[in-house]
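Please keep the structure in view while reading.

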Amino acid sequence: MFNQRLCDNCGKRPAVYYMMNVINGVATERYLCDECKQKLGFVKKQPNLDFGGFFSAIGSPFGAYDAKEKHRVCPTCGYGSGEYRKTGFLGCPDCYEAFADMINPALVRMQKDTKHVGKSPNEFYSPEEAKYNELLRQRDEAVEKEDFALAAKLTEEMKQMKGGEQK
Amino acid sequence: MSENGIVISSRVRLARNIAGLPFPSKLDSERSLAVTQKVYGALGKAREHYSIIRISDMSDLQGEALKEMHLISDDLLHGNKYAAAIMNKSNDVCIMVNEEDHIREQCILPGKKLRDAYVKINEIDDIISSSNKIAFDPRLGYLTSCPTNVGTGMRASALMFLPGLSLTNSLERCMNAVSRFDLTVRGEYGEGTSSESCLYQISNQKTLGLSESDILANVTAAVEQIERNEIAARKALLAANGTALRDNIMRAYGILSNAYALSGKEFMQRMALVKLGIYYEFLKCEDRDALEKLIADVKPASMMLKAGKIMDGEERDVCRAEKVSSVVGKVVSK
Ligand SMILES: [Zn+2]
Ligand SMILES: [Zn+2]
């Protein structure tokens, strides 16, 4: 009463892997054999390297490819935009800012949202750290509004704190 | 396990990274070690005792066995050299360090207990975040090495046993009906098993723009709807092929109780039928947890680890059949 399902990709070997994604109300099913599963990049043999094939098959979810696009590098960790494009992985938390123009449109597509709701770790910062972060946020806001006098005052306050608790 | 045996286990995983450090695939050995120490150090404040196993100190067999138990991933075994697994005594909490992200906290509980699993892992997350600065952006949430996890960094999943939907070929229709929840359904059969095990992992796809409780509510609602569909499918299956179905179930029971050698694949196939037989009350079972434990115990690495030796395929099949007939003989009856 069980009939062995064959692999969707090669149609020869028995499927040992099943995956279904429901995105925007459309379900797509895949039954794959072990070999095709690896070939299509569903298995990361060497971490971060095998995604290329998968994305070229389904179209990169990490942003449309633009041939004229300049290769950029994250100033914090030195990770390149090309590497992100190829693997879908980032080098460090600051890469989110460095490659924001590539990541944000991809997030809209993948997640249908760009704004986090839910838990944040802030409530677990020490009071000094929380205060420092708050000053930092106010200063960024001031700079954005071009209120440089306020920004300078906040920077001074932050400097004083740095002498104390701030790591 | 839930009363009808449909939801086998519930798991919640949170992905976290330490601020100011490259992600594990770009992290040098010194700082990788520091991450491990910081995470393990924080757990000194936890209520339970945690032990740490570095991947480099693990035998291949141990690593495989932990993978079979779904406690650690392939990536952890083969990625960063300084990866480690931190576990509590009951093994329901496992924290992977230096996998794809610096910290992957997960709790896995038997049965339909997503919310309990979240409460437990959230407490661990509070402890770890209280002594480590976590990479977080007010707009994007928790920053993860792959943007598919950004936001809550949370994956809530349920392992479901769905023989009714599989045998009536109605899985796809059922999943379309729950499509408003943005889910991923995976059937991962692994070595020695196959699609006939009828096991599927249901999890959330979206991690950004939904709160943790929204995600839990969505996955739970989907799981419950799938559960209702599975029950309906089991009814339909029985109505359509009662005699053949019961015959197949009783034969499967006969084989599991008497076989001298059993491959992993055959075992999973027959076991699915026996479990279905228990549901229909063609068979009686006094200890369903023992059956679930048996399924875990006869996977290749776990079996060899327990036996304390490497066995070839034939030896494993004989060893498996022996354990199976002993447990099935003890807890299942006509
Ligand atoms: Zn194939
Ligand atoms: Zn970076």
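## Charges over aromatic rings

A charge is taken to sit over a ring if NZ of Lys or CZ of Arg is within 6 Å of the ring centre and within 35 degrees of the ring normal. The model discussed here is predicted, and in it the charged end of Lys275(B) sits over the ring of Phe161(B), at 4.2 Å from the ring centre.

A further case in chain B involves Arg234(B), which lies over the face of Tyr279(B), with 4.4 Å to the centre of that ring. Tyr279(B) itself is partly exposed, its relative accessibility being 28%.

## The aromatic cluster in chain B

Tyr279(B) also belongs to an aromatic cluster, which it forms together with Tyr280(B) and Phe282(B). Over all chains, the structure holds four aromatic pairs. In the pair made by Tyr279(B) and Tyr280(B), the ring centres are 5.6 Å apart and the planes stand at 65 degrees, so this pair is classed as edge-to-face, the cut-off for that class being an angle over 60 degrees.

The two tyrosines are assigned to separate accessibility classes: Tyr280(B) counts as buried because its relative accessibility is 12%, under the 20% limit, whereas Tyr279(B), at 28%, counts as partly exposed.

## A stacked pair in chain A

In chain A, the rings of Tyr84(A) and Phe99(A) have centres 6.4 Å apart and planes at 10 degrees, so the pair is stacked. This pair links distant parts of the chain, since Tyr84(A) is in helix H3 (residues 81-87) and Phe99(A) is in the loop between helix H4 (95-98) and helix H5 (100-111), with 15 residues separating the two.

Tyr84(A) counts as buried, at 0% relative accessibility, and Phe99(A) is likewise buried, with a relative accessible area of 0%.

For four tetrahedral donors, the ideal angle at a metal is 109.5 degrees.

Key. Residues are numbered from 1 along each chain as its sequence is written. Chains are lettered from A and ligands numbered from 1 in the order in which they are written. This is a predicted model: local features need pLDDT of at least 70, side-chain atom pairs count only at pLDDT 80 or more; totals for chains, interfaces and linings use all residues. Side-chain values use heavy atoms; hydrogens and water are left out. Rings of Phe, Tyr and Trp (its six-membered ring) pair if their centres lie within 6.5 Å; planes under 30 degrees apart count as stacked, over 60 as edge-to-face and the rest as tilted. Helices (H or I, at least four residues) and strands (E, at least two) are DSSP runs, numbered from the N terminus. Buried means under 20% relative accessible area, exposed over 50%, partly exposed in between (1.4 Å probe, protein chains only).
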